[in-house]
Amino acid sequence: MTEPGKIVVVGAGLAGLRAAEELRARGYDGALTLIGAERRLPYDRPPLSKKLLTGDIDDTSLRPDIESLAVDVRLGEPAVELRGRIVRTSAAEYEWDALVLATGAVPVRLPGDGPQRVLRTADDALALRESLQPGVRLVIVGAGWIGAELATAATARGVVVTVLEAANAPLAAALGVEAGQATAAWYASAGVDLRLRQSVAAIRADGVALASGDFLAADVVVTAVGVRPAVSWLAGSGVRLENGIAADAQLRTSVPGVFAVGDCASFWSRRYQRQLRFEHWDIALHAPEVAAANILGGSTEYNPVPYFWSEQFGRMVQYVGWHGAAQRLIWRGDPAGAKWAACWLVGDRLVAALTVGLPRDLLQARRLIEAGSRVDPGKLADPGLALRDSAMHG
Ligand SMILES: Cc1cc2nc3c(=O)[nH]c(=O)nc-3n(C[C@H](O)[C@H](O)[C@H](O)COP(=O)(O)OP(=O)(O)OC[C@H]3O[C@@H](n4cnc5c(N)ncnc54)[C@H](O)[C@@H]3O)c2cc1C
C-alpha cells in the first residue's frame, strides 16, 4: 500500500492530537492537518472537573510545542461537512487521502429557558469556577462521574451543593444501581445534599422545576447527565453512524481511508464480542496508536481492557474492564469502609472491577481480565488475600 500524501484529522482534543503524534512517530512525513472547533490548542479534560475547578491549576494544555510536529493546525474551525475526499469547515475545504475522525462528544442539555451550564470545555470550567463562590447555591443535575467530581470541588470552595439524580443511585448508568449505591453515603459525608429519584422537567431562570411539580431554587445550575458523540456534521457523508461513528476492530469506518478514535467512535471489541463506545481518557490516548499504524499500511486490531478513573470525595475510584454482560457482582471488603472493590464475573471469569483506594487491586484485576482468567469467587471476596491469588490455574 502506498502511504497517503495528505492526512486530515478532525477534532483537536486528546485523540486528535495523539493521532497526529503517532503518525509522526511512525515516520509519516507528508502533509498533516489538525482541525479543531475550539480556539484552544489541544488540552486535557480530566483536570477540568478536579484541580482546575479547585483553583490548583489554570492550564491543562497537552502539547504547547505542537509546531514541532509540523502539523497545520486550524483552530476555531468546525468541520461542517464530509463529501467524498473533501472535509469542509466553517472556513475552508481540505482534501484528504486518509482522514481521522476524533470529534469527541458534547454534553446533553435539558429543556428550559433558564441558564444551564455544562462542564466539557476549558472555557466551561473556567467560567464555572468564577461562579463557585462561598454560599452560592449550586444544583447539579446528574450524579454521574462529572456530577460527583463537580460536587467535590464545589463543596471544597464553600458552595452549597444539591445533586439531583433520576436513578436510584449515583453512578447508576455507569456502574449499575448495586455498585453505584455504595457511593451514595460519600455525598452526605461531604455535606452534599444528594436527592435520588428526582426527575427534572426544566431549567428555569431561578432554579430547577422537577417533574413532581416541586421547584428547587438555585444560583447556578449545571447539567451533567451525559454526553452524545459529536457526529451530526457527518450526516449524509456515507460514514456509518451507530452509537457514534461505527468502526471495526482496526478502527476503520465504513468509508475507505476514514478512521475513528476516542469518545466519538464505537469499535468492534474482540474481547467483549460487540460494538462498544467508551468515554475514557485512556482510550483516547491509545486508540490513535492503532489508527495511525493502520493508516500507514498496518492491520493491527485495537483490543483494550478499558480503564477509567475518577477522584471524588477524597477517594481514588478506578474502573477496569466492561461489566455490561456480567452475571454476578462480588464485593471485596466492606463498601461502607474506606477501601473496597466490586468485581464483576461472567461465569467464573473476571470481566470488570471497580476499586476504591486500592490501586494494587486495580492492576491485578486488569491482568486477570486481560488473561481471561477464571477466578475463585470465595478467594476474590477475601480482602485478606491478594486479588491475583483468586486466579484458578488450569
Ligand atoms: C470534565 C471532564 C472530566 C473527565 N475526567 C475523566 C477522568 O477522570 N478519567 C477518564 O478516564 N476520563 C475522563 N474524562 C473523559 C476524557 O476526558 C475523554 O474521554 C477524552 O477527552 C476524549 O478525548 P477525545 O479527543 O475523543 O474527545 P474530546 O476531548 O471531546 O475532543 C474532541 C475535540 O473535537 C472538537 N470537535 C467536535 N466537533 C468538531 C467538528 N465538527 N470539527 C472540528 N472539531 C470538532 C471538540 O471541540 C473537541 O475539542 C473527563 C471528561 C471531562 C469533560
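The lining of the second largest pocket divides into eight nonpolar, two polar and four charged residues. Nonpolar here covers Ala, Val, Leu, Ile, Met, Phe, Trp, Tyr, Cys and Pro; charged covers Asp, Glu, Lys and Arg; the others, Gly among them, are polar. This is a predicted model: local features need pLDDT of at least 70, side-chain atom pairs count only at pLDDT 80 or more, and totals for chains, interfaces and linings use all residues. Residues are numbered from 1 along each chain as its sequence is written, and side-chain values use heavy atoms, without hydrogens and water.

**Second largest pocket**
- Its volume is about 250 Å³.
- Lining it are 14 residues; Arg271, Tyr272, Val346, Leu350 and Val351 are the closest to its centre.
- Strand E25 (349-356) and helix H9 (359-371) each give two or more residues to the lining.
- E25 provides the largest share, three residues.
- Domain 1 (6-106 + 227-295) and domain 3 (314-392) each supply at least three lining residues; the bounds come from an automatic or database domain assignment.

**Glu22**
- Glu22 sits in helix H1 (residues 14-25).
- Glu22 counts as buried because its relative accessible area is 12%, and buried means under 20% (1.4 Å probe, protein chains only).
- Beyond its neighbours within four places in sequence, Glu22 is in contact (heavy atoms within 4.5 Å) with Pro288, Glu289 and Ala292.

**Helix H4**
- Helix H4 (residues 145-156) has 12 residues, which should span 16 Å at 1.5 Å a residue; its end C-alpha atoms are 17 Å apart, which agrees.
- The expected span is 1.5 Å times one less than the number of residues.
- Buried residues in H4 include Trp145, Leu150 and Ala154.
- Just after H4, Gly158 has a positive phi of about 80 degrees.

Note on methods. On a 1 Å grid over the protein atoms alone, a cavity is a set of points where a 1.4 Å probe fits but cannot get out, and a pocket is an open set with protein on both sides within 12 Å along at least five of seven lines; lining residues have an atom within 4 Å of a point. Grid points are joined across faces, edges and corners, and a volume is the space filled by probe spheres set on the points. Helices (H or I, at least four residues) and strands (E, at least two) are DSSP runs, numbered from the N terminus. Buried means under 20% relative accessible area, exposed over 50%, partly exposed in between (1.4 Å probe, protein chains only).
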